[in-house]
Amino acid sequence: MANVFGALNRFISRLDSDQPQKPTEQGAYGFQVLRNLNVEFAIEPWFDFIIGINGRSIDNPDPSLFIAEVKNCAGSAISLGIFSAKGSAIREQYVQIPTDTGSLGLALQWTPLANTEDVWHILDVSPNSPADNAGLLPFSDYVIGSPEGPLRGENGMPELVESFMNRPLRLYVYNHEYDVTRSVTITPARGWGGEGALGCVLGYGALHRVPAPLTEPTQAPGETLFETARFSNEEPRASPAMLQNGFQSQPSAGAPELITPTGMPTGPPKGAPGPPRAGKKARAHHGISPGAGIDD
């Protein structure tokens, strides 16, 4: 009898191993948007990744292949699969490629989607602290990066703060309530009269990642984005599923890190205004302009 159960268990194990593995966010790569100078293309720097084009997932980090396909579609519209770090949402977006330039007007970088998980949620701000003086807002502010250096892992933020003790530290902060990203300068210090060098409580991890904007509908209970592997569109239209081939698990060696499509103008984009520091908050939520974002 034991042999019968053993054979049955081995048979079930083989069936489980034969099931196709569905793509997950862990180990996934895409072309992260670094700059957007195309005012007609509603795609956000840092938050958005291009992970599919014309009904296919992008599984090759070679930028020349992506640029060639965009140029081949000059004068017509292409569909792009876009992953957003805001709520880990996937959408399909259509964009017209100009005939004269054959360019999207974007600066892109082949990057792991998991890089957007390194954010620090501002949970509480003590009065008259460095965080308070810098204008950080509890609950709605998220530190997403810094021009002073990369923030990687749970210790990335504390280590950077320690290295800038008593010196101005620039941070990129996203405000969830107003859906804007701004630059904040804070001076860490130990002797301001309270606890910590910043005077604020930071949250890190799965419970503190950037949520979807308040203007977007929430997901139904039990929905899992990367198991369905489909793009959503506010205006229903026929389109193929673009993630059936999964994601690229590792970047190939020697692939360029930065793409600047032909015809993209130079110069930093203008930043969006930040939320008010004092007074009663307005209930209206202002969207960030397509050209605004972080330009390193």
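1. A polar contact is a pair of N or O atoms within 3.5 Å; within protein, one must be able to donate a hydrogen and the other to accept it, and residues adjacent in sequence count only if both atoms are side-chain atoms. The side chains of Glu-44 and Lys-86 are joined by such a contact, at 2.9 Å.

2. Basis of the values. This is a predicted model, in which local features need pLDDT of at least 70 and side-chain atom pairs count only at pLDDT 80 or more, while totals for chains, interfaces and linings use all residues. Residues are numbered from 1 along each chain as its sequence is written, and side-chain values use heavy atoms, with hydrogens and water left out.

3. Lys-86 and Glu-44. These two residues also form a salt bridge (a side-chain nitrogen of Lys or Arg within 4 Å of a carboxyl oxygen of Asp or Glu), with the closest N and O atoms 2.9 Å apart. The bridge links distant parts of the chain: Lys-86 is in the loop between strand E4 (77-84) and strand E5 (89-96), and Glu-44 is in the loop between strand E1 (29-36) and strand E2 (48-53), 42 residues apart. Helices (H or I, at least four residues) and strands (E, at least two) are DSSP runs, numbered from the N terminus.

4. Burial of this pair. Buried means under 20% relative accessible area, exposed over 50%, and partly exposed in between (1.4 Å probe, protein chains only). Both Lys-86 and Glu-44 are buried; Glu-44 has a relative accessible area of 17%, so it falls in that class.

5. Further contacts of the pair. Glu-44, Lys-86 and Asp-179 are linked in a network of salt bridges. The charged end of Lys-86 also sits over the ring of Phe-47, 4.6 Å from the ring centre. The rule for such a placement is that NZ of Lys or CZ of Arg is within 6 Å of the ring centre and within 35 degrees of the ring normal. Arg-167 lies over the face of Phe-164, at 4.3 Å from the ring centre.

6. Other salt bridges. The count comes to nine salt bridges. One of them joins the side chains of Asp-118 and Arg-152, with an N to O distance of 3.9 Å. Asp-118 is in the loop between strand E6 (106-112) and E7, and Arg-152 is in the loop between strand E8 (141-145) and H4, so this pair links distant parts of the chain, 34 residues apart. Asp-118 has 10% relative accessibility and therefore counts as buried, whereas Arg-152, at 48%, is partly exposed.

7. Arg-170 and Glu-148. The side chains of these residues meet in a salt bridge at 2.8 Å, N to O. Arg-170 lies in strand E9 and Glu-148 in the loop between E8 and H4, so the pair ties together parts that are 22 residues apart in sequence. Arg-170 is partly exposed, with a relative accessible area of 38%, and Glu-148 is also partly exposed, at 30%.

8. Aromatic pairs. Rings of Phe, Tyr and Trp (its six-membered ring) pair if their centres lie within 6.5 Å; planes under 30 degrees apart count as stacked, over 60 as edge-to-face and the rest as tilted. The structure holds seven aromatic pairs. Tyr-29 and Trp-110 form a stacked pair, with 5.8 Å centre to centre and 15° between the planes. Tyr-29 is in strand E1 and Trp-110 in strand E6, distant parts of the chain, 81 residues apart. Both Tyr-29 and Trp-110 are buried.

9. Phe-31 and Phe-66. This aromatic pair is tilted, at 5.3 Å centre to centre and 45° between the planes. It links Phe-31 in strand E1 to Phe-66 in helix H2 (residues 63-72), 35 residues apart. Phe-31 counts as buried at 1% relative accessibility, and Phe-66 does so at 7%. Ring pairs link Tyr-29, Phe-31, Phe-66 and Trp-110 into a cluster.

10. Backbone points. Most residues other than glycine have a negative phi. Asn-128, not a glycine, has a positive phi of about 60°. Asn-128 is found in the loop between strand E7 (120-125) and helix H3 (130-134) and is exposed, with a relative accessible area of 61%. Asn-166 has a positive phi of about 65° and is not a glycine either. Asn-166 lies in the loop between helix H4 (156-163) and strand E9 (169-175), and at 57% relative accessibility Asn-166 counts as exposed.
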